[in-house]
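Hi there,

Here is the structure I promised to pass on.

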Amino acid sequence: MSCTKCVELQRDLEAAERAGDQTKAVDCRVLLRRHPQHDGAAVEIGALPRTGGDEK
């Protein structure tokens, strides 16, 4: 998926998970699912491109 907003949300999600911020991580997941560009279709988290940087 090449959606810039989804890539940004995925980065935020990964950073929140690394920091242990579960509230932010849940917020990011909800925003990814509700992103209007995808017409209400759920976006599979695993289908998003992995960002560079610290990987788990």
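Predicted model: local features only at pLDDT ≥ 70, side-chain atom pairs only at ≥ 80, totals over all residues.

The protein has two helices and zero strands. Of its 56 residues, 29% are buried. The accessible surface is about 3,800 Å², and carbon and sulfur atoms account for 48% of that. If you take the contacts between residues at least 6 apart in sequence, 54% of them link residues at least 24 apart.

Now to the helix pair. H1 covers residues 4–19 and H2 covers residues 22–34. Their axes lie 8 Å apart, and the two helices pack at an angle of about 160 degrees. Angles over 145 degrees count as roughly antiparallel, so that is how H1 runs relative to H2. Their crossing is left-handed.

Which residues of H1 and H2 meet? On the H1 side they are Cys6, Leu9, Gln10, Asp12, Leu13, Ala16 and Glu17. Their partners in H2 are Lys24, Ala25, Cys28, Arg29, Leu31 and Leu32. By type, this contact is made up of eight nonpolar residues, one polar and four charged.

One more residue to look at is Val30, which sits in helix H2. Is Val30 buried or partly exposed? Val30 counts as partly exposed, because its relative accessibility is 23% and buried means under 20%. Val30 is 21 residues from Leu9 in sequence, with 9.9 Å between their C-alpha atoms. Leu9 is also one of the H1 residues in the contact with H2.

Best wishes

Conventions. Residues numbered from 1 in each chain as written. Heavy atoms only, no water. Axes fitted to C-alpha atoms, helices over the stretch in contact; angles between N-to-C directions. Helix = DSSP H or I, 4+ residues; strand = E, 2+ residues; numbered from the N terminus. Parallel < 35°, antiparallel > 145°, perpendicular 65-115°, else oblique. Left-handed = near helix turned anticlockwise from the far one by under 90°. Contact = heavy atoms within 4.5 Å. Nonpolar A, V, L, I, M, F, W, Y, C, P; charged D, E, K, R; others polar. Buried < 20%, exposed > 50% of the residue type's maximum accessible area, 1.4 Å probe, protein only. Areas by Shrake-Rupley, 256 points an atom, 1.4 Å probe, with all protein chains shown as cover.
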